[in-house]
Amino acid sequence: MDLRSLIRLVPDFPKPGILFRDMTPLLQDPTGFRVAIERLAAGTASMGSLDYIVGIESRGFILGAALAQHLGLGFVPVRKPGKLPPPVLSQSYSLEYGQDQLQLHAHALRPGERVLIVDDLIATGGTAVATAELIAQTGAVVGGFAFLIELAFLPGCKALPQGIPTHVLMVEE
């Protein structure tokens, strides 16, 4: 199945010069959504044993929760500031159109637990790297990264920590 045909391109969103990849049509298509989750799951096979899926706000929640359910794993959300009750860990980061911060429940993960970080898209890598840094603060281990789309013309995957497996379903050149 051609999942790329289920991604809508929206020019100049959220600001001029950005070509937004909207996965809403993929989510609306039951077969497409199922195939996307199955393909993401297949990409985790070489990542070893995992304990949790960590989904990055907000589209990473959708993919990550579905993937966690499919793999029989727990799900841990990484949120924007002010969305989680304390205590939380925080990490600032840069993204392709500004600055932001992410937070994780301070006790969501234990030392040694292995997680897969999931998001819809990797561009500059800022959110994924910040999430990996949050996970490191807990003592847990990043076992892999999974993304629906990689914008290969940006340095996202190159910014990820070396030696950690990364699975991408669609690469945009």
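The backbone nitrogen of G60 lies 3.4 Å from a polar atom of the D119 side chain, a polar contact in the sense of a pair of N or O atoms within 3.5 Å, where within protein one atom must be able to donate a hydrogen and the other to accept it, and where residues adjacent in sequence count only if both atoms are side-chain atoms. The model is a predicted one, in which local features need pLDDT of at least 70 and side-chain atom pairs count only at pLDDT 80 or more, while totals for chains, interfaces and linings use all residues. Residues are numbered from 1 along each chain as its sequence is written, and side-chain values use heavy atoms, with hydrogens and water left out.

D119 belongs to strand β7; helices (H or I, at least four residues) and strands (E, at least two) are DSSP runs numbered from the N terminus. D119 is buried but has no salt bridge, and R59, the nearest side chain of opposite charge, is 6.0 Å away. Here buried means under 20% relative accessible area, exposed over 50%, and partly exposed in between, with a 1.4 Å probe and protein chains only. A salt bridge requires a side-chain nitrogen of Lys or Arg within 4 Å of a carboxyl oxygen of Asp or Glu, and for charge Lys and Arg count as positive and Asp and Glu as negative, with His and the chain ends not counted. When neighbours within four places in sequence are left aside, the residues in contact with D119 (heavy atoms within 4.5 Å) are I56, R59, G60, L63, T127, A146, F147 and L148.

Strand β7 leads on to the sheet. Five strands in the order β4-β3-β7-β8-β9 form an open sheet with parallel pairing, two strands being paired if DSSP finds at least two bridges between them. β4 and β9 (166–172) stand at the edges with a single partner strand each, so one side of each is left without a neighbour in the sheet. On average, neighbouring strands of this sheet are turned by 20° against each other, direction ignored; axes are lines fitted to C-alpha atoms, for helices over the stretch in contact, and angles run from 0 to 180 degrees between N-to-C directions.

Within this sheet, β7 (residues 114–122) and β8 (residues 141–151) run parallel and are joined by eight bridges, and I122 has E150 as its bridge partner in β8. β3 and β4 also pair in the parallel sense, over five bridges, with P77 in β4 as the bridge partner of G55. β3 is mostly covered, since five of its five residues are buried. In a regular strand the side chains alternate between the two faces of the sheet. For β3 both faces are covered, with Y52, V54 and I56 buried on one side and I53 and G55 buried on the other.

Helix α4 (residues 126–138) lies across β3, β4, β7 and β8 and runs at about 165° to β7, whereas α2 lies across β8 and β9, running at about 135° to β9.

E38 is partly exposed at a relative accessible area of 35%, and R34 is partly exposed at 44%.

Another salt bridge joins the side chains of R79 and E57 at 2.9 Å, N to O. This pair links distant parts of the chain, 22 residues apart, with R79 in the loop between β4 (74–78) and β5 (88–95) and E57 in the loop between β3 (52–56) and α3 (59–71). R79 counts as partly exposed at 21% relative accessibility, while E57 counts as buried at 17%. R110 and E113 also meet in a salt bridge, at 2.9 Å from N to O, and here R110 is exposed at 54% relative accessibility and E113 is buried at 9%. Salt bridges with shared partners join R4, R21 and E172 into one network.

Some backbone features remain. The peptide bond from E57 to S58 is cis, with omega near -5°, and S58 is in the loop between β3 and α3. The bond from P86 to P87 is cis as well, with omega near 0°, and P87 lies in the loop between β4 and β5. D12, although not a glycine, has a positive phi of about 60°; D12 is located in the loop between β1 (8–11) and β2 (19–22) and is partly exposed at 49% relative accessibility.
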